[in-house]
Amino acid sequence: MKKFNKAKAAQKFEIRPIRNFSPLPTWIAGLTNPKILPHTVAYIHTVTADFFGLQFLRKFKLVRIPILNVETPLDKKIPFAPQHLNDYLGFVNFWIRPLAMLIKILRSKNAAPYLAEFFSLLKKSYKSAAQIYRFCMTTTRRPLYKKRTYFVILRALDPHYMCVPSLHIAIVSLCYAFFRDVLQKENFSAEQRELWTREIYEGAIKIAETVLYVKQHSVNCIPAALYMMTRIVPKIFSESDAQKFLSDMFVTRRDIPQDAREEIVNYMKNLFTRFYEEGKNSDEWNAPIKNWMKEYAENSVL
C-alpha cells in the first residue's frame, strides 16, 4: 500500500473556504476515535460543570458567588444590532470546521493528535476562566428583545453570569492561533496558509464584534479574555497578537463613529496592557483580573 504523504495531500488539496467544510467529521471523530474521545469527554464535562452548571447553581442560590455588572458608558456607543445574532450563534461551528478540514486533508489518523490537543486546550480555557468565575461572576444588562425567538431562548438558557473573561473571545483567539501554528507545521502551501489563516482571523474578529453588538458582553470582557490566552497558551498567542486583535476590531464597520471606535479600542488596549504588565509580577496569572474586579466593584456606579 502506498504510504500517505501528508505534505503532498495538503498541497494538492482543493483550496476552498473553511466555512464550506461540513462540521460532521469533527463530531464523529471526537466521539468515536479512542485517541480523541477522552479529551472530548473531558471538555464536555468541563463545559457542563464549570460553565453551565456553575451559573445555574448561582441562579438558584446554591452557591453565593458575588455578581458584578461590568458595563461601561462605552458599551452604549456600540449599537444593539440583533441582525448579527447568526454570527454569534455560529461560534461553535467556527472552531469545529477547521478541525473537519484537517480530518479531510490529513485523514483522521494524522489529524487525531491535533483534535486531541485542541479539545485539551478548550478544556484548559474553560478551567482557567472558571478560576475567575468562582471568585466573582460578571454580567451585563441585555435588551428585552422578543422579535427573534433565539434571543428569547438565549435569555432563558443562559443565566449570563460569566462575562469576564469572555470565553467567546478566548476560544476564537485560540482557534486563530492554533490553526495558524498547525498550517505552518504541516507544510500547507503559502496560498492555503494565507487563505485559511485570514478566514479564521476575520471570523474571529467578526465574532468578537458580534458579542458586543448583541449585548452579550461589555468592552471589559474582551481584553480580559485576550490577556488570559497570552498566559495559558503563550507559545502560540502573544502580547502583540492580542494588541493587533484589538486594533483590528470595528475597522470595517460603519455604524460606529470613528471617534467612538477609537475610544473603545483604546480603552480595551489600555485595559489589556494593565492586565499584561501587572501579570508579569503576579504569582498567579488571574491576580490582575481579580484586582481589577475588586477596584471596579468599589468604583462602579451602575
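**A tour of the aromatic cluster and its surroundings**

Begin by selecting Tyr-43, Phe-51, Phe-52, Trp-95, Phe-118, Phe-119, Tyr-126, Phe-178 and Phe-179, which form one aromatic cluster. Rings of Phe, Tyr and Trp (its six-membered ring) pair if their centres lie within 6.5 Å; planes under 30 degrees apart count as stacked, over 60 as edge-to-face and the rest as tilted. The model is predicted: local features need pLDDT of at least 70, side-chain atom pairs count only at pLDDT 80 or more, and totals for chains, interfaces and linings use all residues. Residues are numbered from 1 along each chain as its sequence is written, and side-chain values use heavy atoms, leaving out hydrogens and water.

By the ring rule there are 20 aromatic pairs. Select Tyr-43 and Phe-119 next: this pair is tilted, with 5.7 Å centre to centre and 50 degrees between the planes. Tyr-43 belongs to helix 3 and Phe-119 to helix 5, 76 residues apart; helices are DSSP runs (H or I, at least four residues), numbered from the N terminus. Tyr-43 counts as buried because its relative accessibility is 11%, and Phe-119 because its value is 1%. Buried means under 20% relative accessible area, exposed over 50%, partly exposed in between (1.4 Å probe, protein chains only).

Proceed to Tyr-176 and Tyr-201, a tilted pair at 4.8 Å centre to centre, with 55 degrees between the planes. Tyr-176 lies in helix 7 (residues 167–185) and Tyr-201 in helix 8 (residues 190–213), so the pair ties together parts 25 residues apart in sequence. Both Tyr-176 and Tyr-201 are buried.

How values were computed:
Helix = DSSP H or I, 4+ residues; strand = E, 2+ residues; numbered from the N terminus.
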